[in-house]
Amino acid sequence: MSFEIMVGAWENEDRYRFPRGIVRQRFSKHIVSENENGWWRLAFAGGPGHSEVNPGKSRLPTGFVVHNPPDYLEFWEIIAGILRDFPCVLYWPGGGAVIGSLGTLQHLPKDMVETLGIPWVSTDPERIRQYVWDNS
């Protein structure tokens with residue numbers, strides 16, 4: 001599927017910063033190259049990869065973008081782990097939003113919730129993947 005998903009981190013309705021190295025570490029075994037703009041090209045066992053992740057160049061990003069998120073469950077396990085471990089929301093244009101804990105809802109900006117709707121809560125990678133596909 002050709003579209004983008006975003007993962008943004010929030011705390012008390014303000015952007016939350018976390019170490020870029022954490023995102024890189026989680027994707028590390030799937031990163032096959034990195035370009036000058038900071039995009040990581042991903043590949044997963046079982047097929048060619050053309051998914052890319054961009055956490056930006058800051059040491060402390062507030063989130064990251066994934067272009068062409070893959071169908072591979074390993075990818076969604078990484079996303080689910082980030083949603084579980086950090087105050088993050090997964091969202092996409094014209095779609096919806098997913099958070100890993102109901103406690104994250106209080107940290108999201110009210111206008112974000114008004115725009116995207118109340119996020120769906122899950123850390124199950126298969127269910128998150130299906131929810132994204134069904135709502136994009």
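**Salt bridges, strands and a helix face**

Mentor: A search of the whole structure finds eight salt bridges, a salt bridge being a side-chain nitrogen of Lys or Arg within 4 Å of a carboxyl oxygen of Asp or Glu. This is a predicted model, in which local features need pLDDT of at least 70 and side-chain atom pairs count only at pLDDT 80 or more, while totals for chains, interfaces and linings use all residues. Residues are numbered from 1 along each chain as its sequence is written, and side-chain values use heavy atoms, with hydrogens and water left out.

Trainee: Which residue meets glutamate 34 in a salt bridge?

Mentor: The partner of glutamate 34 is arginine 24, with an N to O distance of 3.0 Å. This pair links distant parts of the chain, ten residues apart: glutamate 34 lies in strand 3 (residues 31–34) and arginine 24 in helix 1 (residues 20–27). Helices (H or I, at least four residues) and strands (E, at least two) are DSSP runs, numbered from the N terminus.

Trainee: How is the accessibility of such residues classed?

Mentor: Buried means under 20% relative accessible area, exposed over 50%, and partly exposed in between (1.4 Å probe, protein chains only). Glutamate 34, at 40% relative accessibility, is partly exposed, and arginine 24, at 32%, is partly exposed.

Trainee: Where in the chain do glutamate 74 and lysine 29 lie?

Mentor: Glutamate 74 forms a salt bridge with lysine 29, their closest N and O atoms being 3.5 Å apart. Here, too, distant parts of the chain are linked: glutamate 74 belongs to helix 2 (residues 73–85), and lysine 29 to the loop between helix 1 and strand 3, 45 residues apart. Glutamate 74 is partly exposed at 26% relative accessibility, whereas lysine 29 is exposed at 67%.

Trainee: Is arginine 129 buried or exposed?

Mentor: Arginine 129 is buried, with a relative accessible area of 17%. Its side chain meets that of aspartate 71 in a salt bridge of 3.9 Å, N to O. The two are 58 residues apart, with aspartate 71 in the loop between strand 6 and helix 2 and arginine 129 in helix 4 (residues 125–134). Aspartate 71 is partly exposed, at 45% relative accessibility.

Trainee: What does one look for along a helix?

Mentor: An α-helix has 3.6 residues a turn, so residues three or four places apart point the same way. In helix 1, Arg20, Val23 and Phe27 are buried. Seen down the axis of helix 1, its buried residues fall within an arc of 65 degrees (taken from the directions from the helix axis to the C-beta atoms), so they line one face of the helix.

Trainee: How many residues separate strand 1 and strand 2 in their hairpin?

Mentor: Two residues lie between them, and asparagine 12 in the turn has a positive phi of about 55 degrees. Strand 2 (residues 14–15) runs antiparallel to strand 1 and is joined to it by two bridges, with arginine 15 as the bridge partner of tryptophan 10. Six of the eight residues of strand 1 (residues 4–11) are buried, so this strand is largely enclosed by the rest of the structure.

Key. Pairing = 2+ DSSP bridges.
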